[in-house]
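Hi,

Here is the model I said I would pass on.

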Amino acid sequence: MHYLDFIFIVIFILLIFITGVVFAKVGGKDMKSFFAAGGAVPWQINGLSLFMGFFSAGTFVVWGSIAYSLGWVSVTIQWSMALAGFAVGALIAPKWHKVGTLTVAEYISTRLGVRTKKIFTFLFLLISLFTTGSFLYPVARIVEVSTGLPLNACILLLGCICVLYVSIGGLWAVVVTDVLQFIVLTAAVLIVLPLAFDRVGSISTFISSAPDTFFNLLNGEYTIGFVIAFSIYNMIFLGGNWAYVQRYTSVGSSIDAKKVGFLFGTLYIFSPVLWMLPPMIYRVVNSGLSGLNNEGAYLLMCKEVLPHGLLGMMLGGMIFATASSLNSTLNISSGVFTNDIFKRLCPTCSNRVLIRVARLSTIIFGILAIIVALLIPLMGGIVNVVISVAALTGVPLYLPMIWTLFSKRQTGKSVVITTLLSLCVNSFFKFITPFLFGLSLNRADEMILGVTFPALCLAAFELYYKVTGKMSKEYLNYTKCEVLSDSELHASESGANNKFAIKVLGIGIIITGFMIMALGIIAEYAKTIVLIVGILLMLLGFFIKSKSKD
């Protein structure tokens with residue numbers, strides 16, 4: 001890497017940290033400010049934040065590796081996420097907003113009882129350690145490929161950076177930096193994609209030089225069964241993951257919550273094509289990658305074509321975009337611990353004490369995530385970890401909660417039995433049968449089992465309760481509880497906070513655009529496209545900043 005790349009990375013890190021510090025006051029007033037951003041974040045910001053938090057978890061490394069190896073099927077897999085976004089926006093997001101609670105754990109407590117909440121809180125925090133670790137590992141892998149630094153050193157360094165800025169600014173810092181990262185990465189792909197095609201000659205050359213099955217919609221072990229099951233999984237994960245539920249509950253109304261899901265789905269129609277093409281093109285440039293080296297295909301393509309400094313821009317954006325998934329999960333894990341464990345042990349604590357606990361618990365969960373990330377190479381690599389953890393835990397943990405949003409019959413007993421039994425069955429086929437019976441499930445069968453078994457369990461309970469005429473006592477008690485209306489969810493200062501956030505975002509985009517213009521002026525080649533993107537970013541930044549005055 002050139003020294004300009006390192007300079008740009010340092011500047012970008014400082015920009016992110018400054019954003020976190022700026023929102024320390026806004027996001028540190030009370031629990032709702034820290035974990036729900038006051039309850040009235042603009043739906044556009046939350047939609048982009050949801051997109052970045054979900055999309056970036058493994059796109060550059062997990063799906064980029066599949067794109068390099070198998071081609072277009074990586075796009076097909078991600079299109080399932082667009083379907084999930086539209087389904088969640090239409091059906092699930094508005095339901096979550098009407099619940100009116102700060103965390104999913106709080107909802108479980110009021111709907112299914114304190115004992116059920118304790119079980120699911122423990123499971124969520126345990127599984128979150130693996131998901132946050134799997135979010136941190138790709139970021140470190142990207143930095144390792146780009147800089148040559150040791151992987152473990154990258155994990156430690158980046159983990160500390162992410163933990164610090166989330167613990168400072170809370171959810172406001174997360175969502176605003178998510179949007180800034182979205183803008184930066186969109187600008188970067190507008191530069192790298194035409195340069196990548198130019199590297200291989202032309203689009204037609206790329207198509208003719210690719211492997212025969214490279215543009216098949218389905219390929220390898222990623223069959224139609226896998227894609228269908230993965231679509232259902234993504235709908236459940238997107239609609240039930242405790243970190244993503246924040247994006248539906250922290251907007252101003254149920255209609256805005258619906259728009260968050262629709263924006264996510266729309267973005268996922270176009271983005272997979274743009275993001276997967278660079279590693280696919282790199283297969284033509286260099287077909288010699290194998291094993292875990294496939295995970296670096298995206299960045300290797302960027303290193304091939306980007307002028308000095310712009311690789312640092314791409315790397316900085318990718319680092320914090322991928323880290324946004326980790327940040328969201330850290331924020332909600334801290335929220336669950338603070339609001340649903342510590343607050344119940346110490347109900348008389350002041351807001352100041354609760355915020356200190358929230359920040360401290362964020363740091364502790366971050367340290368545990370770093371340890372998990374360090375162990376991922378021993379677990380078979382990031383692709384194996386991400387897909388296996390998804391198949392094993394995603395639907396059993398999140399589907400029961402979504403089901404209770406629509407059912408009057410499900411009880412704490414039924415959802416706990418469903419979750420624990422599903423986790424046991426999935427684990428049995430993942431870890432036991434290969435050693436005892438020589439029976440291993442492929443990716444499609446693993447995903448299908450993970451999706452269908454908990455759904456069948458819940459359906460069986462639903463049918464049994466309906467035939468016996470039983471109504472959930474927990475539900476009857478829940479309906480007597482006061483649920484916050486849309487108007488009550490608005491904090492009195494939400495309008496001022498929103499304008500402040502828009503102003504900070506606009507300034508951040510202006511600064512980014514100026515830096516890209518400066519790099520364009522000194523670039524040895526591709527000056528025109530770099531300058532145009534930089535100018536467009538600055539204009540966008542001034543436009544957004546002007547909206548903060550309305």
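Among contacts in the chain (heavy atoms within 4.5 Å) between residues at least 6 apart in sequence, 85% join residues at least 24 apart. Bear in mind that this is a predicted model, where local features need pLDDT of at least 70 and side-chain atom pairs count only at pLDDT 80 or more, while totals for chains, interfaces and linings use all residues. Numbering starts from 1 along each chain as its sequence is written, and side-chain values use heavy atoms, with hydrogens and water left out.

The chain has 22 helices and zero strands; these are DSSP runs numbered from the N terminus, H or I of at least four residues for helices and E of at least two for strands. Of the 550 residues, 59% are buried. By buried I mean under 20% relative accessible area, with exposed over 50% and partly exposed in between (1.4 Å probe, protein chains only).

On to the helix packing. Two packed helices are described by the angle between their axes and the distance between the axes. The axes here are lines fitted to C-alpha atoms, for helices over the stretch in contact, and angles run from 0 to 180 degrees between N-to-C directions.

Helix α18 (residues 412-436) has two partners worth a look. With helix α8 (residues 114-147) the angle is about 25 degrees and the axes are 10 Å apart, and the two are therefore roughly parallel to each other. The cut-offs: under 35 degrees is roughly parallel, over 145 roughly antiparallel, 65 to 115 roughly perpendicular, and the rest oblique. T116, I119, F120 and L123 of α8 make the contact with G412, V415, V416, T419, L420 and L423 of α18. By class that contact has seven nonpolar, three polar and no charged residues. Here Ala, Val, Leu, Ile, Met, Phe, Trp, Tyr, Cys and Pro count as nonpolar, Asp, Glu, Lys and Arg as charged, and the others, Gly among them, as polar.

On the α18 side the residues are S414, I417, T418, L421, S422, V425, N426, F429 and K430, and they meet E446, L449, G450, F453, P454, C457, L458, F461 and Y465 in α19. The contact of α18 with α19 divides into eleven nonpolar, five polar and two charged residues.

Helix α11 (residues 224-240) and helix α12 (residues 242-249) have axes that come within 5 Å and cross at roughly 65 degrees. F237, L238, G239 and G240 of α11 touch W242, Y244, V245 and Y248 of α12, which by class is six nonpolar, two polar and no charged.

Now the aromatics. A search of the whole structure finds 20 aromatic pairs. Rings of Phe, Tyr and Trp (its six-membered ring) pair if their centres lie within 6.5 Å, and planes under 30 degrees apart count as stacked, over 60 as edge-to-face and the rest as tilted. W96 and Y107 have ring centres 5.3 Å apart and planes at 80 degrees, so the pair is edge-to-face. W96 sits in helix α6 (residues 73-99) and Y107 in helix α7 (residues 104-112), so the pair ties together parts eleven residues apart in sequence. Both W96 and Y107 are buried. Y222 and F226 are edge-to-face too, at 5.1 Å centre to centre with 75 degrees between the planes. Y222 counts as buried at 4% relative accessibility, and F226 is buried at 0%. Ring pairs also link W63, Y222, F226, F230, Y233, F237, Y244 and Y398 into a cluster.

Seven of the nine residues of α7 are buried, and G113, which follows α7, has a positive phi near 105 degrees. Most residues other than glycine have a negative phi. A526 is not a glycine, yet its phi is positive, about 60 degrees; A526 lies in the loop between α21 (494-522) and α22 (527-547).

Cheers
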